[in-house]
Amino acid sequence: MPLGEKSKYTDKQERKADHIAEGYEKRGVSDKEAERRAWATVNKDDGGGKKEGGSGRGKHTGHPAAHKGGKSGGKASASRSAASRSESAKKAAATRKRNAEHHAH
C-alpha cells in the first residue's frame, strides 16, 4: 500500500481503489502510479476515510463525481431534431467567429 494511513478507509473504499487501480494498470500505468491515482480518486469522491474516529462518527458519501457523468447532455440533445441541432451549431460558430474578430483588435 502507498504511503499514508489507510485504517480509516472502509472495505468498500478499498475495493473501489483496487478496481480503479486495475483499470489504470490495464491501460499501461505503472503499479505504483495506478495505486496513487486510485486513492486520489477515492479521496476526491468520498473526502477521505469513512470509518469512525477523530470526530466520533463516520462520514456520509454524498454524490461522488463518478455518479454524475453524462446525465444531462445525452437525453437533451437526442430529443431535438437534426435541423435544430444544426441551427444551434451554426449560431455557435458564428458567435465564436464574431468573438474572435472582436478580440483580435
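In the predicted model, helix α1 (residues 11-26) packs against helix α2 (residues 31-46) at an angle of about 135°. The two axes lie 8 Å apart. This angle makes α1 oblique to α2, because only values over 145 degrees would count as roughly antiparallel. The crossing of α1 past α2 is right-handed.

From α1 come Gln-13, Glu-14, Lys-16, Ala-17, Ile-20, Ala-21, Tyr-24 and Glu-25. From α2 come Asp-31, Ala-34, Glu-35, Arg-37, Ala-38, Trp-39, Thr-41, Val-42, Asp-45 and Asp-46. By class, the contact of α1 with α2 holds eight nonpolar, eight charged and two polar residues.

Asp-45 sits in helix α2. The Asp-45 side chain makes a polar contact with the side chain of Lys-16, at 3.3 Å. Asp-45 has a relative accessible area of 10% and is therefore buried, the cut-off being under 20%. Both Lys-16 and Asp-45 are listed among the residues that form the contact between the helices.

Two further positions of α1 were examined. Asp-18 is found in helix α1. Its relative accessible area is 49%, so Asp-18 is partly exposed; exposed would require over 50%. Asp-18 and Glu-35 are 17 residues apart along the chain, and their C-alpha atoms are separated by 7.6 Å. Glu-35 belongs to the α2 side of the contact.

Lys-12 also lies in helix α1. Its relative accessibility is 61%, so Lys-12 counts as exposed. Lys-12 is 38 residues from Lys-50 in sequence. In space, the C-alpha to C-alpha distance between Lys-12 and Lys-50 is 9.8 Å.

At the level of the whole protein, the secondary structure comes to four helices and zero strands. From the N terminus on, the order of elements is α-α-α-α. The protein has 105 residues, of which 17% count as buried; Asp-45 is buried. Among contacts between residues at least 6 apart in sequence, 49% join residues at least 24 apart.

Conventions. Residues are numbered from 1 along each chain as its sequence is written. This is a predicted model: local features need pLDDT of at least 70, side-chain atom pairs count only at pLDDT 80 or more; totals for chains, interfaces and linings use all residues. Side-chain values use heavy atoms; hydrogens and water are left out. Axes are lines fitted to C-alpha atoms, for helices over the stretch in contact, and angles run from 0 to 180 degrees between N-to-C directions. Helices (H or I, at least four residues) and strands (E, at least two) are DSSP runs, numbered from the N terminus. Angles under 35 degrees count as roughly parallel, over 145 as roughly antiparallel, 65 to 115 as roughly perpendicular and the rest as oblique. A crossing is left-handed if the near helix is turned anticlockwise from the far one by less than a right angle, and right-handed if clockwise. Contact means heavy atoms within 4.5 Å. Ala, Val, Leu, Ile, Met, Phe, Trp, Tyr, Cys and Pro count as nonpolar, Asp, Glu, Lys and Arg as charged, and the others, Gly among them, as polar. Buried means under 20% relative accessible area, exposed over 50%, partly exposed in between (1.4 Å probe, protein chains only). A polar contact is a pair of N or O atoms within 3.5 Å; within protein, one must be able to donate a hydrogen and the other to accept it, and residues adjacent in sequence count only if both atoms are side-chain atoms.
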